[in-house]
Amino acid sequence: MKIYMIIEEDFAETVWGKAILEGMKHKSAALKHELCEIKSYDIDFGEQKRIVVLVGTANSWINKTLRELSRYDIRGIVLNCQPTELVPGTSYILIDYACATYGCIEYLHSCERKNIALFAINPNSITDSTKHRSFLEFGLSESDIYISDDSLSECYKRLYANIGKYNAVICANDIAAIALIRRLEKDNIRVPEDIYIVSFGNLLIGRYFSYPLTTMTLNDEELGRQAVAMYAYLVKSEVDINIQMTIPCQLVLGVTTEYREMGKQSFGISLHTADDNYFYNDADVSEMMKIENFLVRCDETDMKIISGMLSNVSYAKIGENAYISENAVKYRVKRMLQSINIESKTEFCNIMKTYCMNISEKFEF
């Protein structure tokens, strides 16, 4: 069986897009199916049902693609968000952002942090729009929502003008949360003492940041695996049916809310999205996404090497701790610098100290 998919170009290069595609590849290989990306709608499906998986997040792209598929009598499987224009015959694999947003608010309320802002909402994102709407449906105010339609720095300026109103902030994603914490730090606003922060994503960069984030987990690889499983089921089904399913998530506690417990939560939520506008071009976002892409390729030995570098340990000592030779350490360091497009060890360590100092604690010598 062939699993046909069409991919939004900008989204494919993000850490979220890559994780979804990785999940699809693993599941396709396990089922011995062939994963096929298509560039044209006019393709020959042979005897197989005409179904295509949509891998993307921009509202405009999803709506346009579904319309084009409908013209060619092709049914779609949409991942991670429900578009504003519903097309008959479409199936969905959703992460329920509404439930997740309610869960974030309820958690903060249980921590007695009820003065909440919603930060860095992308107005062109379907899932961010759901967070926006859910925030209001919970009874909170439009004036406490900070739209980021230009840059994170400008969005922060608007939030900072009213920062005295809040004792908690829900960020649209982990990237926005880290950018926010760094700016609050510079303005002598303490996290978590003054402000609790909750976000969406559970990215590696958020786990290794000096303030490990309280965040909603988003299992992007599982999203891809379920897409392949649903595709295979729909193709084999004797009748044409539509399916809607959700993937659960959990609230992972971190320093940004002092690891305060509320009891086990399980919400249906979806991965962060952005349209083809400012978000991926924002300087902070670009730098953090580069680091996240780097971290997901690192194995445990790489992490031990990074930990040693951050602790200013010699290559010989790092090699002894990681059970590899000193030359192997040097080779891996060279490879890491090349992969993240950095020339000097000092620059590499400075960036890691800025975003991922917690690596040295998780992989101690």
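Predicted model: local features only at pLDDT ≥ 70, side-chain atom pairs only at ≥ 80, totals over all residues.
Select Val-15, Trp-16 and Lys-18 in helix H2, then Met-289, Glu-292 and Asn-293 in helix H10: these two sets meet. Contact here means heavy atoms within 4.5 Å. Three of the contact residues are nonpolar, one is polar and two are charged.

Residues are numbered from 1 along each chain as its sequence is written, and side-chain values use heavy atoms, with hydrogens and water left out.

Now show H2 (15-31) and H10 (283-295) whole. They pack at an angle of about 30 degrees, with axes 10 Å apart. H2 is therefore roughly parallel to H10. Axes are lines fitted to C-alpha atoms, for helices over the stretch in contact, and angles run from 0 to 180 degrees between N-to-C directions. Under 35 degrees counts as roughly parallel, over 145 as roughly antiparallel, 65 to 115 as roughly perpendicular, and the rest as oblique. Helices (H or I, at least four residues) and strands (E, at least two) are DSSP runs, numbered from the N terminus.

H2 packs on a sheet, touching E1, E2, E3 (51-55) and E4 (75-79), and its direction makes about 170 degrees with that of E1. The sheet is open, with six strands in the order E2-E1-E3-E4-E5-E11 and parallel pairing. Two strands pair if DSSP finds at least two bridges between them. E2 (34-37) and E11 (244-246) are the edges, each pairing on one side only. Neighbouring strands are turned by 20 degrees against each other on average, direction ignored.

Zoom to E1 (2-7). Four bridges join E1 to E2. Pick Tyr-4: its bridge partner in E2 is Cys-36.

Select H11 (300-310) and H14 (345-355). The angle is about 95 degrees and the axes are 10 Å apart. That makes H11 roughly perpendicular to H14. Ile-306, Met-309 and Leu-310 in H11 meet Lys-345, Phe-348, Cys-349, Met-352 and Lys-353 in H14. Six of these contact residues are nonpolar, none is polar and two are charged.

**The cores**

Which residues touch the most other members of the largest nonpolar core? Select Phe-119, Ile-197, Ile-205, Leu-295, Ile-306 and Met-352; the core holds 104 residues. H7 gives the largest share, eight residues. A nonpolar core is a set of buried Ala, Val, Leu, Ile, Met, Phe, Trp, Tyr and Cys residues joined through side-chain atoms within 4.5 Å. Buried means under 20% relative accessible area, exposed over 50%, partly exposed in between (1.4 Å probe, protein chains only).

Centre on Leu-295. Beyond neighbours within four places in sequence, Leu-295 contacts Leu-204, Ile-205, Tyr-208, Met-303, Cys-356 and Ile-359. A second, separate core has 23 residues, including Ala-168, Ile-170, Tyr-196 and Val-198.

**Backbone stops**

Go to Pro-192, in the loop between H7 (174-186) and E9 (196-201). A cis peptide bond joins Val-191 to Pro-192, with omega about 10 degrees.

Next, Glu-112, in the loop between H4 (97-110) and E6 (116-121). Its phi is positive, about 60 degrees, although Glu-112 is not a glycine. Glu-112 is exposed, at 63% relative accessibility.

Finish at Asn-312, between H11 and H12 (315-322). Phi of Asn-312 is also positive, near 60 degrees. Asn-312 is exposed, at 67%.

Conventions:
Nonpolar A, V, L, I, M, F, W, Y, C, P; charged D, E, K, R; others polar.
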